[in-house]
Amino acid sequence: MSEIHQDTLELLEWPRLAAHLAGFASTAAGRRDCAGLGLPDHPAESRRLLLETTELLALDGLSEGGLSLQGAEDIAATMALCAKGGCAGGEELLALASTLATARRLRRQIEDPELRPITTALVAELRTMPELEQRLHFCLEEGGRVADRASGPLEAVRRQLLGLRAERRERLQELVRRYASLLQDTVVSERSGRPVLAVKAGAAAQVSGLVHDSSASGSTVYVEPQAVIPLGNRIRDAEGQEREQERQVRSELSALVGEQAEPLGHLQQVLVRLDAGLARARYGQWLGAVRPELAETAEAPFELRELRHPLLLWQERREGGRPVVPVSISVGPELRVVAITGPNTGGKTVTLKSLGLAALMARAGLFLPCAGTPRLPWCGQVLADIGDEQSLQQNLSTFSGHIRRIARILAALAEGATLAQDSAALVLLDEVGAGTDPTEGSALAAALLRHLADRARLTVATTHFGELKALKYADSRFENASVAFDVETLSPTYRLQWGIPGRSNALAIASRLGLDPAVLAAAAAQLEPGGEGDVNRVIEGLEQERQRQQEAAEAAAVLLARTELLHEELLQRWSQQKEQSAELQEQRRQRLELSIREGQGEVRRLIRRLRSVGQEVRVGGRLAGETARQAGQRLRRLEQQHRPLPEQRDHGGWRPRVGDRIRLLALGKAAEVLAISEEGTELTVRCGVLRLTVALAAIEGLHGEKPAPPEPPPQVRIRSRRSPGSRGPDVRTEGNTVDVRGLRVHEAEAAVEERLRGANGPVWVIHGIGTGKLKRGLREWLSGLAWVERVSDAEQGDGGPGCSVIWVK
């Protein structure tokens with residue numbers, strides 16, 4: 001990395017952001033990787049990192065307690081030692097076994113090529129070596145101690161040690177009892193790894209043995225009795241054998257690890273990448289950030305809505321800092337230079353750093369703390385000149401320091417001209433041209449910005465020079481922006497305004513800071529008419545007009561929102577009233593229909609009573625049977641009039657096709673059409689993981705379209721005597737014939753009605769010829785029935801005029 005690129009990272013405080021990111025890593029190796037967060041050299045790698053971050057963020061949210069790397073350790077040093085033939089310690093080998101188990105668990109959690117193709121590909125070639133893990137756990141106990149079962153000779157040596165120590169302990173207890181009067185204490189102590197007795201100094205000659213130490217007062221000497229010295233020597237020898245056997249076991253295990261150094265190195269790299277990716281995901285979630293879209297070309301626009309500086313967010317949330325004011329940046333593909341003007345401490349430098357960090361974060365696979373979806377090109381070069389480069393050691397003034405850094409920026413742009421076409425260059429200049437004569441400085445700054453407009457995708461510069469504000473009107477590649485200033489409180493609002501140059505507000509700020517009013521008045525008098533003062537007044541007028549338009553737009557937005565709420569409320573009330581009216585009408589219709597049915601039942605019971613009496617009764621000069629029959633006919637007509645009309649659905653000829661998305665009426669869910677039956681009446685659909693076969697009438701379009709019924713197949717005309725409206729055969733049989741001869745009209749009506757209710761075809765009624773009264777009464781009654789299509793005389797062979805054929809709809 002070149003010097004200017006490293007300087008830019010320092011100026012933008014990239015190492016500080018990387019340190020914050022490292023705090024979200026789970027392992028020591030992951031924290032080191034995040035702390036040294038690098039920048040990919042190709043756009044494809046950045047896009048892969050962004051997808052990797054997205055997949056790990058989703059998986060971390062799905063897993064109970066989050067995705068865990070507990071048990072993963074840094075095994076790089078252990079692998080290097082074992083690969084060189086060294087002998088690793090027991091704890092290091094156990095940490096390696098734990099890392100293998102963690103890698104196997106993570107691979108099971110991650111593997112899903114459809115949901116997580118990037119991370120699945122990352123762990124696809126991962127070897128977790130369960131045999132090596134089992135061998136390590138078999139030979140090592142908790143704490144790294146070599147287990148007895150690891151080696152036969154080791155187990156024998158430890159049994160021997162156990163016996164020798166028990167024998168020495170028994171002899172020591174016997175000596176303590178024997179020399180109790182000569183001892184200062186009956187507790188067996190230890191000096192230089194050997195057991196000793198605390199003997200009184202005057203009685204030391206009476207206890208044979210080896211003196212190892214004495215007390216500070218000289219009254220006690222610590223003697224290893226001669227009786228246990230040979231046992232101690234044997235124990236020391238056995239302990240040496242034990243250490244040798246343990247070292248031999250660890251050496252064998254280390255050799256097994258060394259044989260797998262290459263796959264273990266790959267496993268370590270994968271775990272570090274997973275830890276770093278998970279840290280990026282959790283850091284982005286903590287920031288409330290969203291995934292950016294990296295454009296395919298360098299000429300793409302910058303669209304960053306409500307961008308917040310990530311380091312200021314950290315200060316706000318972790319250190320109790322001030323709330324962060326977001327800035328919105330929208331730079332079209334035709335723009336090359338943006339000049340930001342306005343007062344000091346107004347947020348110009350923060351805007352530069354926010355934009356620079358956003359470009360670097362997107363390149364490193366980090367999400368951006370924005371609203372909406374941020375869009376920007378892949379910036380292969382982010383170059384900045386921010387702050388004061390004054391150096392007493394190098395004999396550099398402020399102006400000289402800026403010029404040297406800008407020279408390095410121009411050199412880096414010249415070297416980067418050979419980069420890929422989809423790589424953009426972003427240049428950030430703070431107080432360009434400052435530190436020297438204002439006239440020469442503004443001329444140099446204007447020339448520099450024009451030069452950069454030809455060589456960088458975007459240059460953002462802050463300035464106080466009024467001449468730079470006019471570049472926009474001579475070159476369409478330039479744009480002005482400013483940080484807002486509240487003239488009432490005489491303080492900056494930190495809001496970025498586009499299209500309007502800003503004022504420095506130096507006099508206003510000086511007044512707020514308590515400068516002598518006489519000095520301020522003299523300074524105001526020095527402003528030349530028609531010069532900078534008039535420009536500032538024009539800018540002030542533009543700002544006021546912009547403020548009025550913004551207030552009017554906000555008022556219009558509030559009015560529009562209220563109108564929409566009122567419209568929704570009116571629609572809701574209208575729907576409720578319509579539903580209530582329809583429900584009331586339905587209730588009335590059901591009550592009327594119930595009354596009609598009760599009346600019909602009463603008429604039938606009356607007719608049956610009259611029939612059982614066997615004689616006609618006159619009511620008001622008319623036969624009671626005739627009166628009952630006419631009442632029944634009126635009730636039927638009322639029922640037909642108040643019967644609800646069938647719902648007429650306008651399907652508009654819409655028919656579903658294979659591949660269409662439809663809605664299942666029974667489930668209320670969308671589904672995809674997989675197949676349609678030959679008749680077109682049934683569909684095979686997939687709803688989620690379910691595969692169903694449903695009728696055509698059980699579905700509708702996503703926009704409420706009702707399916708058109710399938711076209712009927714062409715009919716083959718067969719010569720028969722079937723009438724167009726009939727459903728059964730038109731052949732007279734005993735089952736479809738009723739004989740009413742000798743019955744009165746109302747009796748005949750009841751008999752015919754009973755037969756018609758169960759008919760599935762024409763019905764023959766034999767009434768005879770006689771005077772014709774029975775035939776006329778039946779025909780008149782049948783003409784008032786809505787479900788009777790027509791009535792005609794039977795054919796001559798079936799009775800002719802003495803028999804009527806009733807065709808039911």
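User: How many of the 7 residues in strand β2 are buried?
Analyst: Strand β2, which spans residues 194-200, is mostly covered, with 6 of its 7 residues buried, where buried means under 20% relative accessible area, exposed means over 50% and partly exposed lies in between, using a 1.4 Å probe and protein chains only. This is a predicted model, in which local features need pLDDT of at least 70 and side-chain atom pairs count only at pLDDT 80 or more, while totals for chains, interfaces and linings use all residues. Residues are numbered from 1 along each chain as its sequence is written, and side-chain values use heavy atoms, with hydrogens and water left out.

User: Which strands does β2 pair with, and in what direction do they run?
Analyst: Strand β1 (residues 189-191) runs antiparallel to β2 and is joined to it by 3 bridges, and strand β4 (residues 220-225) is also antiparallel to β2, with 4 bridges.

User: Switching to helices, at what angle do α9 and α10 cross?
Analyst: The axes of helix α9 (residues 152-178) and helix α10 (residues 229-259) cross at roughly 155° and come within 9 Å. The axes are lines fitted to C-alpha atoms, for helices over the stretch in contact, and the angles run from 0 to 180 degrees between N-to-C directions. The two helices are therefore roughly antiparallel, since angles over 145 degrees are classed that way, those under 35 as roughly parallel, 65 to 115 as roughly perpendicular and the rest as oblique.

User: And is that crossing left-handed or right-handed?
Analyst: The crossing of α9 and α10 is left-handed, a term used if the near helix is turned anticlockwise from the far one by less than a right angle, with right-handed used if it is clockwise.

User: What kinds of residues make that contact?
Analyst: Contact means heavy atoms within 4.5 Å, and the residues joining α9 and α10 in this way divide into 8 nonpolar, 3 polar and 9 charged. Ala, Val, Leu, Ile, Met, Phe, Trp, Tyr, Cys and Pro count as nonpolar, Asp, Glu, Lys and Arg as charged, and the others, Gly among them, as polar. The contributors from α9 include Leu 154, Val 157 and Arg 158, and those from α10 include Ile 235, Glu 239 and Gln 245.

User: What does Gln 245 touch?
Analyst: Leaving aside residues up to four places away in sequence, Gln 245 touches Ser 151, Pro 153 and Leu 154. Gln 245 counts as buried because its relative accessibility is 16%.

User: Where is Met 361, and which residues does it touch?
Analyst: Met 361 is in helix α13, residues 348-363, and it counts as buried because its relative accessibility is 1%. Not counting residues up to four places away in sequence, its contacts are Trp 14, Leu 17, Leu 287, Pro 310, Leu 366, Phe 367, Leu 368 and Pro 369. Pro 310 is 51 residues away along the chain, and its C-alpha atom is separated from that of Met 361 by 10.0 Å.

User: In what order do the strands of the sheet with β5 come?
Analyst: This open sheet has 4 strands in the order β5-β9-β6-β7, with mixed pairing. Its edge strands, each pairing on one side only, are β5 (293-294) and β7 (327-331). Helix α13 packs on the sheet, touching β5, β6 (302-307), β7 and β9, and its direction makes about 115° with that of β6.

Conventions. Pairing = 2+ DSSP bridges.
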